[in-house]
Amino acid sequence: MQNSLSLRAYTKRTDTHIHSYHQLVLPTQGAIMIEIPNFRGSVSVGECVVIKKEQEHHFKADEAARFVVADMNSLPNHLAQSEQQVFDISAPLQSFLLFVEKQLVHQVNSEIEQTLFQLFKQLLTQQTLGHQIDPRIRRAQTYMIEHLAHPLDINILSQQAHLSATQFKTLFKHHMGQSPMHYIMSLRMEKAKALLTHSDLPVQHVAEQVGYNDLSAFSRRFRQHFGLSPSQLSGRH
């Protein structure tokens, strides 16, 4: 197996794989639901999941989500020796992934692709393994991602986490650095961006899939988040 980077999309049907090599999955748009030894939950933009060789893993994702996937013969020592399988990535690595995504869809060039992989590996050695997110918060995250088209409030989410509303809000902000509702808004906008970029769904349908029945409210929120209207982003004028 050759060390490589690739751009992937998955489906909402759960698949199961086992590899004879290590694999890292890094979302660039959307999130992946994954189950591996010691971890079950969602991995979204800004995070990386490490699937070590010979580990059975089950996964699914929205069709509009996109991922950079690294197949690796060996892992940097700190990842190989750690039992932590999901970690936050640095801003430079996240920016690099966006460049990788553009390059991979632009042309096939094995020399450039190997150079990208070597730079990716160097950036990976600089990643620190921070604290792991509480499983109760992971459960709520998973519920959010699977129900973005539906109304979501603190009472519903705190029930998923088996916490009181106050405990849930406090614990969520501690782990995620933002309120649950702000996090949901970001998830909705990222999914809308992915659908507008990678599908031909009408804007009204995109809005409904991310929980907005009012098109004008969706358009206002989208412009506030990205600085462009939905139609400007997708080129649908």
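1. Where is Pro 76 placed? Look in the loop between strand E8 (66-72) and helix H1 (77-80). Keep in mind, here and below, that this is a predicted model. Pro 76 has 8% relative accessibility, so it counts as buried; the cut-off for that word is under 20%. Leaving aside neighbours within four places in sequence, Pro 76 is in contact with Leu 124 and Thr 125. Pro 76 and Leu 124 are 48 residues apart along the chain, yet their C-alpha atoms are separated by 7.5 Å.

2. Two packed helices are described by the angle between their axes and the distance between the axes. Helix H2 covers residues 91-106 and helix H3 covers residues 110-125; their axes come within 11 Å and cross at roughly 165°. Angles over 145 degrees count as roughly antiparallel, and H2 and H3 are therefore roughly antiparallel to each other. The crossing of H2 past H3 is left-handed. On the H2 side, the contact is made by Leu 93, Phe 96, Leu 97, Phe 99, Val 100, Gln 103 and Leu 104. On the H3 side, Ile 112, Glu 113, Leu 116, Leu 119, Phe 120 and Leu 123 take part. Sorted by type, the residues of this H2 with H3 contact are eleven nonpolar, one polar and one charged.

3. How do the axes of H4 and H5 cross? Helix H4 (residues 135-146) and helix H5 (residues 154-161) have axes that come within 8 Å and cross at roughly 130°. H4 and H5 are therefore oblique to each other, and their crossing is right-handed. From H4, the residues that meet H5 are Arg 136, Arg 139, Ala 140, Tyr 143 and Met 144. Their partners in H5 are Ile 156, Leu 157, Gln 160 and Ala 161. The residues of the contact of H4 with H5 come out as six nonpolar, one polar and two charged.

4. Stay with H5 and turn to H6. H5 and H6 pack at an angle of about 80°, with their axes 9 Å apart. H5 and H6 are therefore roughly perpendicular to each other. H5 brings Ile 154, Asn 155, Leu 157, Ser 158 and Ala 161 to this contact, and H6 brings Ala 165, Phe 168 and Lys 169. By type, the residues of the contact of H5 with H6 are five nonpolar, two polar and one charged.

5. Which residues of H5 are buried? They are Ile 154, Leu 157, Ser 158 and Ala 161. Seen down the axis of H5, these buried residues fall within an arc of 100°, so they line one face of the helix. What covers them includes H4, helix H6 (165-176) and helix H7 (180-198).

6. Is Thr 166 buried or exposed? Thr 166 is found in helix H6. At 56% relative accessibility, Thr 166 counts as exposed, since the cut-off for that word is over 50%. For a sense of spacing, Thr 166 and His 182 lie 16 residues apart along the chain, and their C-alpha atoms are separated by 16 Å.

7. You'll find Gly 41 in strand E5 (residues 39-44). With 2% relative accessibility, Gly 41 counts as buried. Not counting residues up to four places away in sequence, Gly 41 touches Ile 32, Met 33, Ile 34 and Thr 142. From Gly 41 to Tyr 143 is 102 residues in sequence and 9.4 Å in space, C-alpha to C-alpha.

8. Finally, check some backbone angles. Most residues other than glycine have a negative phi. Asn 38 has a phi near 75°, a positive value in a residue other than glycine. Asn 38 sits in the loop between strand E4 (31-36) and E5, and at 67% relative accessibility it counts as exposed. Glu 54 has a positive phi as well, near 70°. Its place is the loop between strand E6 (47-51) and strand E7 (57-61). Glu 54 counts as exposed, at 53% relative accessibility.

Technical notes
Residues are numbered from 1 along each chain as its sequence is written. This is a predicted model: local features need pLDDT of at least 70, side-chain atom pairs count only at pLDDT 80 or more; totals for chains, interfaces and linings use all residues. Side-chain values use heavy atoms; hydrogens and water are left out. Axes are lines fitted to C-alpha atoms, for helices over the stretch in contact, and angles run from 0 to 180 degrees between N-to-C directions. Helices (H or I, at least four residues) and strands (E, at least two) are DSSP runs, numbered from the N terminus. Angles under 35 degrees count as roughly parallel, over 145 as roughly antiparallel, 65 to 115 as roughly perpendicular and the rest as oblique. A crossing is left-handed if the near helix is turned anticlockwise from the far one by less than a right angle, and right-handed if clockwise. Contact means heavy atoms within 4.5 Å. Ala, Val, Leu, Ile, Met, Phe, Trp, Tyr, Cys and Pro count as nonpolar, Asp, Glu, Lys and Arg as charged, and the others, Gly among them, as polar. Buried means under 20% relative accessible area, exposed over 50%, partly exposed in between (1.4 Å probe, protein chains only). The arc is that of the directions from the helix axis to the C-beta atoms.
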